[in-house]
Amino acid sequence: MRLPRDKDVLENARALRKSMTREERRLWYDFLRGYSPRFVRQKVVGRYILDFYCDAAGLVIELDGGQHYEAAGQLYDAQRTVLRFSNLDVMQHFEGVCRVIDNAVKSLP
């Protein structure tokens, strides 16, 4: 399924790809980059930029920094359905995060 793209946010997505957070880099380079089915980084969908997206599984992964715990961040996040992890989870429970992602991909049609 092809998702809609908002061309106004493409430039921002490209910039975010180049300046990933430490947690995003760890998840990407140590797990998702070589994972099959394929994930992409900073996927534009409408007016949103998804941290990681797997088209084959229809799965979105978001890493939540502190901004997601503020009221505006929670309202923004409520508009999406995603598999999400805190930055702390990625750094302190990396293997568990990878297992959850793997199980989610394998359980989707």
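# A chat about one chain

Visitor: Is glutamate 23 buried or exposed?
Guide: Glutamate 23 counts as buried, because its relative accessibility is 10% and the cut-off for buried is under 20%. Keep in mind that this is a predicted model.

Visitor: Where is glutamate 23 placed?
Guide: Glutamate 23 is in helix α2.

Visitor: And what does glutamate 23 touch?
Guide: Leaving out residues up to four places away in sequence, glutamate 23 touches Leu63, Asn87, Val90 and Met91.

Visitor: Let's step back. How many helices and strands are there in the chain?
Guide: The chain has five helices and four strands. Read from the N terminus, the order is α-α-β-β-β-α-β-α-α.

Visitor: What percentage of the chain's residues are buried?
Guide: Of the 109 residues in the chain, 44% are buried.

Visitor: Which residues touch the most other members of the largest nonpolar core?
Guide: Those are Leu27, Leu32, Phe39, Leu59, Ile61 and Ile101, in a core of 22 residues.

Visitor: Which elements supply at least two residues each?
Guide: That holds for α2 (22-30), β2 (48-54), β3 (59-64), β4 (83-86) and α5 (94-107). The largest share of this core comes from α5, with six residues.

Visitor: What other core lies apart from it?
Guide: There is another core of five residues, and Val9, Leu10, Ala13 and Val44 are among them.

Visitor: Back to leucine 59. Which residues is it in contact with, beyond four places in sequence?
Guide: Leucine 59 is in contact with Phe39, Phe52, Tyr53, Cys54, Leu83, Ile101, Ala104, Val105 and Leu108.

Visitor: Cys54 is on that list. Why does cysteine 54 count as buried?
Guide: Cysteine 54 counts as buried because its relative accessibility is 0%.

Visitor: And cysteine 98, buried or exposed?
Guide: Cysteine 98 also counts as buried, because its relative accessibility is 9%.

Visitor: New topic. Of the contacts between residues at least 6 apart in sequence, what percentage join residues at least 24 apart?
Guide: In this chain, 50% of those contacts do.

Visitor: Last one, the surface. What does the accessible surface of the chain come to?
Guide: The total is about 6,800 Å², and carbon and sulfur atoms account for 51% of that surface.

Conventions: Residues numbered from 1 in each chain as written. Predicted model: local features only at pLDDT ≥ 70, side-chain atom pairs only at ≥ 80, totals over all residues. Heavy atoms only, no water. Buried < 20%, exposed > 50% of the residue type's maximum accessible area, 1.4 Å probe, protein only. Contact = heavy atoms within 4.5 Å. Areas by Shrake-Rupley, 256 points an atom, 1.4 Å probe, with all protein chains shown as cover. Core = buried A, V, L, I, M, F, W, Y, C linked by side-chain atoms within 4.5 Å.
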